[in-house]
Amino acid sequence: MKNELDEFLTRALTPREEPGDVLNRKILNRVKERVYMKQKKYKRASVAVIAAAFVAASSITAVAAWQYMSASQVADHTGDERLAGYFADQMSEQGVVTDPPDAAGQDGNADIVGESQSYGGYKVTVLGLLSGENMSEYRRQSNGNVRSDRTYCVVAIERENGEAVDPEHEDFFVSPLIGGLEPGVYNAASLCGNYSEFIEDGVLYRLLECDNIECFADRELYLCVTDTSFYNTGLYHYDEGSGNISRNMEYDGLNALFELKMDVSLADPVKAQALIDEISEPAENDEMGVRVPKEAEDAMEWAGSLTSENLERYCVRLENTVQTVTVNEEGYYVIQPWLVNEAVSDTRGSEGEIFNAAYYTPEEYTPGVPFINGYSGASMEELVITTFTINEDGSMTFAAWVPREVSRYFQ
Amino acid sequence: MTKQELTECIDTYGRDIYSFCRHLTGNVQEADELYQDTWLKTLELLENIDSTGNVKSYCLSVALRLWKNRKRKFAWRKRIAGTQDYLDEEGNEYLSDSGPTSEERILAEERDRTVRNAVGTLPEKLKAVILLYYMEELNIAQIAAVAGVPEGTVKSRLYQARKLLEQKLEGVLYEK
């Protein structure tokens, strides 16, 4: 039987899938961009020191926040009216709306609002910073827990040369950092962060949220903004002795670092330690050194065991996501953007999906039987499975599903 | 590595790496991103990579690591990936296979699909080892290097994976 299995596996798994020409060209183009960026970002040390000294002296300014959308408008733009209200209240208290030039640095939690830093050809402006419980309309879940006690931060990122930021090709990482804690480990990603962003007049507005960092108010707190996808240890120096974090002056890209001045009375050592413990707890089966939440692995494994036959037994179809489409003139099924349920999960097919009808024939896919084409989610509570079904009349029905045990959230 | 060398590497190993990404991720959109990032990360890590060296193993190792990272990102930036032309290459390849009769071909296609689906349902770590062994034709030592685990772990995972597949594919195996 083993020989047969070997034979079947070898045949079935013979590499068949070719990367498309467009995909390969994209790689070459991105390599060219990277080479260019790298040359631009890293300079020889002696030059860098001079450049950094100049940049450091001239790059931090307080700007008039009214040049940009307000934090409230940004939150509103992302559909979070509740959070928009809190930001509006904050701005009103600080006089941002009525007296824009004095917006910067009014009080505790929002001390850096209106502050701007320019590095690597980008200018970053902090538009809002808030912390508290139940401030958002969206309920976030992570590691099996509802995270309602959050810190929200809004920044505007723009190119200094006036060109529009292109989020398709430019990555940014925005995160609070905590003095005394290794920034590569303790940042927005491990603080169960999430963000929404959009472009308006060439400026990228990002609304970041993560676990509430006020409990660390007795430490140095920072906000970093970089032109990378994740935290990059090469962009900042972490002094293990003092616990201080500082910019790597030799980096000529974007590595802004704002110092947050929070009211020390907000510190909560017990809560802070709980957060530290949660993050530092070693993930199971993690020999690659990457922290993967066990819930995510479990959810993926569970979803992987679903089949067309057992799907209905274990999952519930979300009727608001169901679409039945026919083949268009170009021979494609085009699924429109869909959204699971904003109040529960922001999982969505934001760009819709396109299926080449030539490959979705009744011969390949039994009519009437849902075929699982994808799933994602960091836990069972966030798991969403998508399916398509080829119908007898040649149309295709698309749907998103959730596990039955969590379907109550979607009722 | 020059642009020309990169082009040659992609020509030589692109199919192997891409197939690995497709089966590892289970869908096209994720696979495209993983494939792209794998090359970019490989270049970043080995700026002076010797293209005559074992580029394939290195890329597979990078792909595996990035995929683990990406799974962490589910919490960070969730979205559902599409499956645009998931079966394009398979469909084309089968059609061009003029050897066996059409009935035999259909049966073989069906069996292959069943086997691939069974592999797709394996836990991630077991799936990765099976793909590296059968798809990428790496030996135990090479897989250990790619996955960053001891050879004994690779053997154990291979054994477990085969056991699970034997159970899942019982019908297919006895059918023959």
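Reader: What should the 18 residues of helix 8 of chain B span, and how far apart are its end C-alpha atoms?

Author: This is a predicted model. Helix 8 of chain B covers residues 151–168. At 1.5 Å a residue, its 18 residues should span 26 Å. The value agrees, because the end C-alpha atoms are 25 Å apart.

Reader: Which residues of helix 8 of chain B are buried?

Author: Buried means under 20% relative accessible area. In helix 8 of chain B, that holds for B:Val154, B:Arg157, B:Leu158, B:Ala161, B:Arg162, B:Leu165 and B:Glu166.

Reader: Which are the edge strands of the open sheet in chain A?

Author: The sheet has four strands, in the order 14-21-20-19, with antiparallel pairing. An edge strand pairs on one side only. In chain A these are strand 14 (315–325) and strand 19 (371–376).

Reader: In strand 21 of chain A, what is the bridge partner of A:Gln323?

Author: Strand 14 and strand 21 (residues 396–403) of chain A pair in the antiparallel sense, over seven bridges. In strand 21 of chain A, the partner of A:Gln323 is A:Phe398.

Reader: Where in chain B is confidence lowest?

Author: Chain B averages a pLDDT of 74. Helix 6 (residues 124–135) of chain B is highest, at 90. Over residues 73–99 of chain B, pLDDT stays under 50. The lowest mean, 35, belongs to helix 4 (residues 88–96) of chain B.

Methods:
Residues numbered from 1 in each chain as written. Chains lettered and ligands numbered in written order. Predicted model: local features only at pLDDT ≥ 70, side-chain atom pairs only at ≥ 80, totals over all residues. Heavy atoms only, no water. Pairing = 2+ DSSP bridges. Helix = DSSP H or I, 4+ residues; strand = E, 2+ residues; numbered from the N terminus. Expected span 1.5 Å × (residues − 1). Buried < 20%, exposed > 50% of the residue type's maximum accessible area, 1.4 Å probe, protein only. pLDDT = per-residue confidence, 0-100. Contact = heavy atoms within 4.5 Å.
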